[in-house]
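This briefing goes through one protein structure by topic. Please read it alongside the sequence and the coordinates.

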Amino acid sequence: MRRRQTGVCALWVAAALLAAGPGVATEDDSVVTEVLEILKQRGIVDEQEYQRLSLKNHSYEQQQDEGFLSRIEWSGDLRLRLENFWFDRDPVEDRPNRNRGRYRLRIAGKVPINEVLKAGFRVTSGSPDDPRSTNQTFGSSDDFNNDPFNIDQAYLTFTAPRDWLGEESTFSATGGKMSNPLRWKNGKDYMLWDGDITPEGAAAKYQYRPSEPWTLYANTGYFIARENSGDPHVLALQGGTSYEASEDVELGGRLSWYDWSSLTEDFFRVAAGDGNTGFTDATGAFRSGLTDGSAKIGELAAYVRWNGLEDWPLLVYGHYAKNFEAESLFVPVTHPDPTIAGSSAGEEDAGWGIGAEIGDKKKYVKVGLGYYQLEANFTPAMFIDSDLTDGKTNRKAWTLYFSRQILRNTDVNVTLFKSDRLESGPLFAESVGGSDRYRLQTDINVKF
């Protein structure tokens, strides 16, 4: 009788281990196998029962593996674009107007690993040599050849459990190649970062809500721009807040600090090609041997959102950035002939922009208008938005945009850019060509 009771208890133990889920079977299948071996050796289960339970355990493991893949949260979008350029007043050459068709395809996945970890990835269209664009131009691959696909994001995110910090706080840390944690969606965040850039490194975010109207947050990131002997990198610190002043009014702002270090000659060459000055001598030759440079950039941004009219919410926003190392990093150079326009350059260390949006694309239409001035050396030029000023500093630009949701998950967007140079002359030659132009983008964007 006692042997029978022991056998029943052992079977219950085996059954419990098989049904325990990921906490036992998935994490350590050897525990279940060892228990079954013991039951068999002691004669509590015969060979037939042992084989049945072993097969059941194996089947359960396969189901868990399949279940893991089924937990991937898929998303994506496809955008078709018609883009028109008009260069009627180009200051350098008589450039012909241009029209082109483009597409962008992005497919992303997120999967929870456990209670605190989540993995994510995204693949996109576009050229691997252009981090500021995931667009593919019609006809860019000869004779309808296949277009490239690139890894745009690959990251792991840790999110602290609620009982660690309390209900008022959240904390997360991400490592890998990720969406930019330093940009926001309160208006067009054009100035310091192009929206397609996905930095590589590590980042963390802390958010605290001391009371219902207040939200405070802090972001930090350490990103490697180029892996070489110097490893140019940036350390970013950002603090921000939003405050619901009333039922219809929300205020928000952020203060950001970017410390670029270990900048090398290769880094400077790319920056010079996109508008930064001071890397060439008076003859126009590049000054080689530039190493261990730095740039320290502060940025202040703010917005006001008003929801007084239900169908016509209003958003007003502004940005200001300054490079505090412009004088030492981007060395001003004077041309030998002082009679030539633009023969000398100052620090050129500031950039700013203002804008406003009104409306709701799901109800009627959203309309926005913005104006920006980006001096030549206010930030490393290769990271700014590639559409607003063709990705070059030493520009001023207007942007006018419309957005309308025509069907569920289907938007039509129309954006017009008008840009021109700020300074001209030999010291600004890289940014002057093609500067006086109109650029019109007409998009249809679907999400899935």
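**Salt bridges and their surroundings**

Glu 49 forms a salt bridge with Arg 52, with 2.6 Å between the closest N and O atoms. The two residues are about one helical turn from each other, because they sit 3 residues apart in helix H3 (residues 47-70).

*Salt bridges*

- The count for the protein comes to 27 salt bridges.
- A second salt bridge joins Glu 200 to Lys 177, with the closest N and O atoms 2.8 Å apart. This pair links distant parts of the chain, since Glu 200 is in strand E7 (residues 200-211) and Lys 177 is in strand E6 (residues 169-177), 23 residues apart.
- Glu 200 is partly exposed, at a relative accessible area of 40%.
- Asp 390 forms a salt bridge with Arg 437, and their closest N and O atoms are 2.9 Å apart. Asp 390 lies in the loop between strand E14 (366-374) and strand E15 (395-407), whereas Arg 437 lies in strand E17 (residues 437-447), so the pair ties together parts that are 47 residues apart in sequence.
- Asp 390 is partly exposed, with a relative accessible area of 24%, while Arg 437 is buried, with a relative accessible area of 0%.
- Asp 390 and Arg 437 also belong to a network of salt bridges that links them with Glu 83, Arg 100, Arg 102, Asp 387, Arg 395 and Arg 439.

*Nonpolar surface patch*

- Leu 251, Val 304, Trp 306, Leu 309, Trp 312, Leu 314, Val 316, Ile 358 and Tyr 364 make a nonpolar surface patch of about 750 Å².
- Strand E11 (293-306) and strand E12 (314-323) each supply at least two residues of this patch.
- Leu 309 is placed in the loop between E11 and E12.
- Why can Leu 309 be part of a surface patch? Leu 309 is partly exposed, with a relative accessible area of 47%, and patch residues need over 30%.

*Two buried strand residues*

- His 319 lies in strand E12. His 319 is buried, with a relative accessible area of 5%.
- The side chain of His 319 makes a polar contact of 3.4 Å with the side chain of Glu 299.
- Beyond its neighbours within four places in sequence, His 319 is in contact with residues including Trp 184, Lys 188, Asp 189, Met 191, Arg 254, Glu 299 and Trp 352.
- Thr 410 lies in strand E16 (residues 410-421). Thr 410 is buried too, with a relative accessible area of 11%.
- With neighbours within four places in sequence left aside, the contacts of Thr 410 are Arg 404, Gln 405, Ile 444, Asn 445 and Val 446.

*Backbone angles*

- Most residues other than glycine have a negative phi.
- Asp 143 is not a glycine, yet has a positive phi of about 55 degrees. Asp 143 is placed in the loop between strand E4 (136-137) and strand E5 (149-159).
- Asp 143 is exposed, with a relative accessible area of 75%.
- Phe 144, also not a glycine, has a positive phi of about 60 degrees. The place of Phe 144 is in the loop between E4 and E5.
- Phe 144 counts as exposed, at 85% relative accessibility.

*Overall composition*

- The secondary structure consists of 7 helices and 17 strands.
- The protein has 448 residues, of which 41% count as buried.
- Among contacts with a separation of 6 or more, 64% come from residues 24 or more positions apart.
- The protein exposes about 23800 Å², with carbon and sulfur atoms supplying 55% of it.

*Confidence*

- The average pLDDT of the protein is 85, and 82% of the residues score at least 70.
- Over residues 1-27, pLDDT stays under 50. The model has 33 contacts beyond four places in sequence for these residues.
- Where pLDDT is low, the predicted coordinates should not be read in detail.

Conventions
Residues numbered from 1 in each chain as written. Predicted model: local features only at pLDDT ≥ 70, side-chain atom pairs only at ≥ 80, totals over all residues. Heavy atoms only, no water. Patch = residues over 30% accessible without salt bridge, like charges linked within 9 Å, V, L, I, M, F, W, Y side chains within 5 Å. Areas by Shrake-Rupley, 256 points an atom, 1.4 Å probe, with all protein chains shown as cover. Salt bridge = Lys/Arg side-chain N within 4 Å of Asp/Glu carboxyl O. Helix = DSSP H or I, 4+ residues; strand = E, 2+ residues; numbered from the N terminus. Buried < 20%, exposed > 50% of the residue type's maximum accessible area, 1.4 Å probe, protein only. Contact = heavy atoms within 4.5 Å. Polar contact = N/O pair within 3.5 Å; in protein donor to acceptor, adjacent residues only side chain to side chain. pLDDT = per-residue confidence, 0-100.
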